[in-house]
Amino acid sequence: MATRNVLTSIFHRVKSTAAAPITAAPQLISQNTPSINNDQPIINLENHKELFSSVSTPKLIKSSITLYMSSVEPMVDLGMWVMNSKMMETPILRDIILEGVEHSFFKHFCAGKDLKEAGETVGKLWDGAKIRAMLDYGLEHADDNESCDRNLEEFVRTIESTTQQPSSPVSFVVVKITAICPLSLLKRVSDLLRWEYKDKSLHLPWKLKTFQIFANSSPLYHTPTKPEPLTPQEEHDLESAYQRLSTICEKSLQANIPLLIDAEDTSIQPAIDYFTYSAAIKYSKDDGPLLYNTIQAYLADAKERLVIAKKAADEMGVSIGFKLVRGAYMSSEEKLASSLGVKSPIHGSIEGTHACYNQCASFMLQEIANGSGSVVLATHNLESGKMAATKASDIGIKKDNPNLQFAQLYGMAEALSFGLRNAGFRVSKYLPFGRVDQIIPYLLRRAEENRGLLSTSLLDRQLMR
């Protein structure tokens with residue numbers, strides 16, 4: 001009875017919040033982003049019934065409750081404290097907590113506990129909403145070669161699963177380099193790449209052909225002194241990691257499914273860029289890129305690095321795509337910079353991040369219009385979505401152009417996803433899957449991130465209501 005009363009109370013809070021005029025959320029967003037011309041809006045959110053026609057009423061109610069709960073800061077703080085506490089070390093309490101997570105946040109933000117359940121979610125998403133899926137096996141960091149080898153098998157299985165249907169609704173498979181290369185080695189490689197950028201005389205015998213990784217504005221404070229060369233064992237482990245990525249690329253070529261390479265924090269991002277760009281050179285193909293690297297627009301050097309990499313790819317005749325995101329490691333980046341007494345690598349304001357994202361999007365859209373670009377615009381920001389959709393139409397990019405795709409996280413920014421879909425653009429949802437205990441770090445980041453996406457969450461809840 002107590003549980004029922006709590007849920008009833010939450011539902012009434014959701015209902016009262018959703019009852020506000022639907023213009024409230026766009027106003028909140030527009031305070032932080034540049035205004036655009038809405039004389040003839042491409043994304044239409046006015047017909048709420050049509051917008052959510054592919055979602056059942058029970059799911060709308062449950063989604064509204066889950067989004068409301070994840071936007072209440074005390075509730076988020078409590079949940080994060082519980083999942084990081086010693087209670088998770090007690091088997092009985094752990095089982096109770098994981099069961100609660102599974103039937104609430106896990107089911108809302110994740111595709112399932114294994115490939116079978118993920119495949120069912122992919123099918124429902126396509127059959128019901130005509131939205132594609134980006135499959136993401138929910139792994140975080142690997143610590144040793146044995147873990148990397150196991151993770152490789154899961155990535156291969158994920159890729160192979162996309163070939164089970166003649167016309168798969170899976171648009172991408174997501175790959176985390178941190179899952180196939182030990183974190184400590186990625187840090188070592190990043191340090192050496194940074195020092196090589198500082199000292200052009202440094203020779204890295206293991207280094208493969210790649211693009212320029214750093215820009216003049218890139219942070220280099222992670223490596224204050226010259227690092228030691230890789231040991232023979234480290235070089236061997238690096239070669240093993242690259243072979244794992246090569247195996248993934250070859251399987252993807254066979255399955256005709258492109259790969260999205262996830263970004264990480266700046267301490268290891270140089271190594272991830274190195275892996276991605278060197279593989280893109282090796283596996284370049286004429287009918288579209290196999291690999292898409294992720295650019296995080298909250299970093300001050302994002303636009304410069306994007307332009308440098310795109311120019312290098314064009315000069316070498318290499319096909320590569322980019323996924324644009326705002327970023328997910330703000331707290332750790334600012335904490336590290338503060339501890340070292342250096343300037344944060346992140347823009348000084350949310351307006352700066354929005355402006356950078358929109359500039360990067362405009363740059364890539366123009367490249368597509370010129371016939372030499374591919375981009376995934378991963379955004380929950382309504383104004384950025386409108387701006388990109390409007391610009392794409394204005395410069396003659398067809399809405400079904402495979403080189404332009406939009407993406408949102410599963411369970412978030414539903415109004416934007418459905419609005420873009422109804423407008424005729426290619427839209428995908430980012431679908432993580434894996435064991436509940438394995439995917440908790442992902443859920444913690446979503447809960448933390450949703451604080452900053454309150455306006456988008458509010459818009460979804462209002463339109464759902």
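This section describes the fold, cores, helix packing and selected residues of a predicted model.

Local features were taken at pLDDT of at least 70 and side-chain atom pairs only at pLDDT 80 or more, whereas totals for chains, interfaces and linings use all residues. Residues are numbered from 1 along each chain as its sequence is written, and side-chain values use heavy atoms, with hydrogens and water left out.

The chain contains 18 helices and eight strands; helices (H or I, at least four residues) and strands (E, at least two) are DSSP runs numbered from the N terminus. Of the 465 residues in the chain, 55% are buried. Buried denotes a relative accessible area under 20%, exposed over 50%, and partly exposed the range in between, with a 1.4 Å probe and protein chains only. A contact is defined by heavy atoms within 4.5 Å. Among contacts between residues at least 6 apart in sequence, 80% join residues at least 24 apart.

In soluble globular proteins, nonpolar side chains tend to be buried together. A nonpolar core is here a set of buried Ala, Val, Leu, Ile, Met, Phe, Trp, Tyr and Cys residues joined through side-chain atoms within 4.5 Å. The largest such core comprises 104 residues, and Ile177, Trp206, Phe275, Leu324, Leu377 and Leu404 have the most contacts inside it. The greatest contribution to this core, eight residues, comes from helix 14 (residues 350–369). A second, separate core holds 25 residues, including Leu98, Phe172, Leu409 and Ile440. With residues up to four places away in sequence not counted, Leu324 touches Ile295, Leu306, Tyr357, Cys360, Ala361, Val375, Val376, Leu377 and Ala378.

Two packed helices are described by the angle between their axes and the distance between the axes. The axes of helix 8 and helix 10 are 9 Å apart and the packing angle is about 5 degrees. Axes are lines fitted to C-alpha atoms, for helices over the stretch in contact, and angles run from 0 to 180 degrees between N-to-C directions. Helix 8 is therefore roughly parallel to helix 10, given that angles under 35 degrees count as roughly parallel, over 145 as roughly antiparallel, 65 to 115 as roughly perpendicular and the rest as oblique. On the helix 8 side, the contact is formed by Asn145, Cys148, Asp149, Leu152, Phe155, Val156, Ile159 and Glu160. Helix 10 contributes Asp237, Arg244, Thr247, Ile248, Lys251, Ser252 and Ala255. By class, seven residues of this contact are nonpolar, three polar and five charged. Ala, Val, Leu, Ile, Met, Phe, Trp, Tyr, Cys and Pro count as nonpolar, Asp, Glu, Lys and Arg as charged, and the others, Gly among them, as polar.

Asn151 also lies in helix 8 (residues 145–161) and is buried, with a relative accessible area of 10%. Beyond its neighbours within four places in sequence, Asn151 contacts Leu139, Ala142 and Ala179. The C-alpha atoms of Asn151 and Tyr137 are 8.9 Å apart, at a sequence separation of 14 residues.

Several residues in loops were also examined. Thr210, in the loop between helix 9 (183–198) and helix 10 (232–255), counts as buried at 15% relative accessibility. With neighbours within four places in sequence left aside, Thr210 is in contact with Tyr274, Tyr277, Ser278 and Ile281. Val55 is placed in the loop between helix 3 (48–51) and helix 4 (57–69) and is buried at 18% relative accessibility. Val55 touches Leu60 and Phe418, residues up to four places away in sequence not being counted. Val55 and Ala129 are 74 residues apart in sequence, with a C-alpha to C-alpha distance of 7.9 Å.

His347 occupies the loop between helix 13 (330–340) and helix 14. A polar atom of the His347 side chain lies 3.3 Å from the backbone oxygen of Ala297, and the side chain of His347 reaches the backbone oxygen of Leu299 at 3.4 Å. A polar contact is a pair of N or O atoms within 3.5 Å; within protein, one must be able to donate a hydrogen and the other to accept it, and residues adjacent in sequence count only if both atoms are side-chain atoms.

Most residues other than glycine have a negative phi. Phi of Asn256 is positive, near 55 degrees, and that of Ala413 is positive, near 50 degrees. Asn256, in the loop between helix 10 and strand 3 (259–261), is exposed at 58% relative accessible area. Ala413, in the loop between strand 7 (404–409) and helix 16 (414–423), is buried at 2%.
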